[in-house]
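Please open the model in a viewer and keep the selection panel at hand. The stops below are given in the order in which they may be selected.

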Amino acid sequence: MTLLICTTCRAPGNDAPQETQQLAERDGARLLASACAASVPEGVAVEGVACLANCKRALSAAMVRRDGWTYVFGDLAPDSAADLLAGAALLANSEDGLMPWRGRPDVLKRGMVARIPPLSAKETR
C-alpha cells in the first residue's frame, strides 16, 4: 500500500507567488515531510508525487493498493499526516481491499474526492 502526497500543493490562503516559492516550502512538501517523520505503519510506503491535479481541493493525497481500491483525498490540512497514516493502515490491513468507514479519520470521510476500483475488478450490475 502506498500513500502518495502531492508535494506541489499549496494550502488555500497561501498567497506566496508559485514561481518564487521553493518546492520544499510548499504546504504539500511539508505534509510529506511530516508523514515521513512519523511512525509509518507496517505495510505502508510514503512517497511524494509532483501533482495530483486536484488543485481546487488542495492539499491532496492518494492511497494506492495493488489488490484493492485507490482513494484520492483533498481538503487536507498541513497537519493531516497522522490522519493519512491512520487511513493508510486501515486500507493496508483491509481484507477486501476497501478502506473501512468505521475508524476512518473524519478528514478522510469529508475529503474523499474519488474511489477507484482495482484494474482486476469485474463490473457488477
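Begin with α1, whose buried residues are D27, G28, A29, L31, L32 and A35. Buried denotes under 20% relative accessible area, exposed over 50%, and partly exposed in between (1.4 Å probe, protein chains only). Helices (H or I, at least four residues) and strands (E, at least two) are DSSP runs, numbered from the N terminus. This is a predicted model, in which local features need pLDDT of at least 70 and side-chain atom pairs count only at pLDDT 80 or more, while totals for chains, interfaces and linings use all residues. Residues are numbered from 1 along each chain as its sequence is written, and side-chain values use heavy atoms, with hydrogens and water left out.

Next, display β1, β2 (45-49) and α2, against which the buried residues of α1 pack. Contact here means heavy atoms within 4.5 Å.

**The α1 and α2 pair**

Select L31, S34 and A35 in α1 together with A81, L84 and L85 in α2; these two groups meet. By class, this contact has 5 nonpolar, 1 polar and no charged residues. Ala, Val, Leu, Ile, Met, Phe, Trp, Tyr, Cys and Pro count as nonpolar, Asp, Glu, Lys and Arg as charged, and the others, Gly among them, as polar.

**The nonpolar core**

Now select L3, I5, V46, M63, L76 and L84, which touch the most other members of the largest nonpolar core, a set of 25 residues. Such a core consists of buried Ala, Val, Leu, Ile, Met, Phe, Trp, Tyr and Cys residues joined through side-chain atoms within 4.5 Å. Two or more residues are given to this core by each of β1 (2-6), α1 (27-37), β3 (61-64), β4 (70-73), α2 (81-92) and α3 (106-110). The largest share, 5 residues, comes from α2.

Centre the view on L3. Leaving aside residues up to four places away in sequence, L3 touches A45, V46, E47, A61, A62, M63, L84 and L85.

**Loops**

Move to the loop between β2 and β3, where A53 is placed. A53 has a positive phi of about 55° although it is not a glycine, and it is exposed, with a relative accessible area of 68%. L59 is found in the loop between β2 and β3 as well; the peptide bond from A58 to L59 is cis, with omega near 0°.

Then select D75, in the loop between β4 and α2. Its phi is positive, near 60°, and D75 counts as partly exposed at 41% relative accessibility.

Finish at W101, in the loop between α2 and α3. W101 is partly exposed, with a relative accessible area of 49%.
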